[in-house]
Amino acid sequence: MYKKITCAFIVVTLLVVSVCGCVDPSLPSPDDPVVLTMWHNYGGAMQQTMDELIDEFNSTVGMDNGITINVTAISSSADLNASLDMILNGDPGAPDMPDIFTGYPKTAVKLAAQGLLADLDDYFTDDELAQYVDAFVAEGRLHDGGLYVFPIAKSTEILYLNQTLFDEFASETGADPELLSSFEGIASLAQLYYRWTDVKTPDVPNDGMQFYTADSWFNVAEVCMEQLGGSFIDDENQLRCDTADFSRIFETLYAPCVEGGFAIYDGYSSDLSKTGDLVCSTGSSAGILFYGDTITYEDGTVIDVEYSILPYPVLEGGSNIALQRGGGLMVKGGDAKRAAASSIFIKWLTAAAQNMRFISQTGYIPVTKDAFEVEMAGHLDNLSDARIEKMLRAVLSMYESYDFFTAPVFNEFDALSDEYETDFKALMLQCRNAYLSGDPVEASAALTSLAE
């Protein structure tokens with residue numbers, strides 16, 4: 001197996017690596033060049049920027065090292081995964097496996113199990129890996145400890161706040177914006193908001209408006225358990241709904257869900273935000289571009305609004321922890337020379353300057369410590385999209401004071417989280433209807449139902 005490079009590489013412009021002094025025959029060179037194929041799922045501004053970065057690499061560092069990157073497929077994650085499954089299964093007509101491709105750890109699990117991926121620990125030194133945000137690297141490690149998915153662009157969860165609607169609410173009720181920092185505070189604000197909007201139409205009972213929702217109630221439970229020092233998933237990959245910590249989380253969410261302050265909705269929170277049916281929500285930082293500067297009410301009235309982006313809420317007394325997630329780059333295994341060439345490209349592409357360019361027009365966040373600690377300040381001053389600037393400032397504050405949590409990787413994870421999400425929403429709607437009919441369900445009884 002190809003071992004970590006010691007004398008063959010020197011750093012060129014931060015993380016860029018090129019051949020020096022002693023010659024390793026397994027490394028690419030201008031005299032023995034390689035053309036690497038690449039698949040990715042980036043569209044829009046990210047595709048354009050990726051094209052520009054690849055052209056720049058090919059004409060500079062790539063040329064110096066005898067490496068050319070050739071993008072042979074640009075498609076959705078689902079389509080790329082379908083092609084990878086064909087390769088994995090040995091299906092007739094399956095395409096050739098690319099040298100570099102985008103994907104998620106759950107895909108890497110299947111590919112690595114059949115020895116189709118390079119362990120990138122063999123091509124990055126410890127010092128090089130230390131330049132990346134630790135949690136972002138950790139997500140790409142599988143059960144054998146190997147690094148199979150390399151971070152390129154990540155997201156976390158944040159609190160989206162319609163500042164215009166909140167200010168109106170606060171001016172009439174005295175609502176304290178400091179309460180937005182905790183889930184308990186958001187729950188109390190939601191109940192106050194529902195009552196405040198309900199009394200505006202005294203002839204129509206129970207028509208108050210919702211204050212908050214989560215794009216993923218599973219994420220809320222999982223992260224809050226981490227904030228309290230535990231885990232939502234046990235060693236046998238089952239949900240831990242019978243603990244005191246989960247009971248506290250459930251009870252915090254239960255009353256506002258049942259009494260009307262929290263919205264139980266099957267779509268994304270940004271949909272409700274656009275119609276003024278929501279004041280705040282937790283969701284991915286990558287969703288920032290779905291928030292505009294107007295809302296349109298049911299009667300067609302359009303008003304201008306301003307959004308604030310706040311750090312992810314924390315349960316009172318809990319630790320500052322938020323979820324991080326996102327795809328990365330994987331490298332085909334079995335050919336040390338091509339894998340080494342791929343690693344040279346990945347090091348250059350994810351270096352702070354290039355990485356900031358790549359995420360500059362998106363809701364994604366960079367992956368190196370230098371990008372957060374050095375490049376970010378100047379980058380923020382030059383952004384033309386105020387939404388992205390607000391999001392990055394919030395994430396930067398989280399980088400400085402939060403720990404990023406990485407969800408576990410196992411084959412049944414998606415099914416487990418989807419089942420919880422479906423069951424939680426169905427239970428909350430059932431309890432809401434019972435509440436409105438005058439037959440309320442106790443939180444403890446509802447929790448028992450969910451845990452069964």
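I began with the contacts of Phe410, taking a contact as heavy atoms within 4.5 Å. Leaving out residues up to four places away in sequence, I found that Phe410 touches Ile233, Asn237 and Leu416. I was working with a predicted model, where local features need pLDDT of at least 70, side-chain atom pairs count only at pLDDT 80 or more, and totals for chains, interfaces and linings use all residues. Residues are numbered from 1 along each chain as its sequence is written, and side-chain values use heavy atoms, with hydrogens and water left out.

Next I looked up where Phe410 sits: the loop between β15 (403–406) and α16 (413–436). Helices (H or I, at least four residues) and strands (E, at least two) are DSSP runs, numbered from the N terminus. Phe410 counts as buried because its relative accessibility is 9%; buried means under 20% relative accessible area, exposed over 50%, and partly exposed in between, with a 1.4 Å probe and protein chains only.

I then turned to Asn237, one of the residues that Phe410 touches. I found Asn237 in the loop between α9 (217–227) and α10, and it is partly exposed at a relative accessible area of 27%. Its phi is near 60 degrees, a positive value in a residue other than glycine. I noted for myself that most residues other than glycine have a negative phi. Asn206 also has a phi near 60 degrees; I located Asn206 in the loop between α8 (183–198) and β8 (212–214).

Which residues of α17 are buried? I listed Ala443, Ala446, Leu447 and Leu450. Seen down the axis of α17, they fall within an arc of 100 degrees, so they line one face of the helix; the arc is that of the directions from the helix axis to the C-beta atoms. These buried residues pack against α10 (244–259) and α16.
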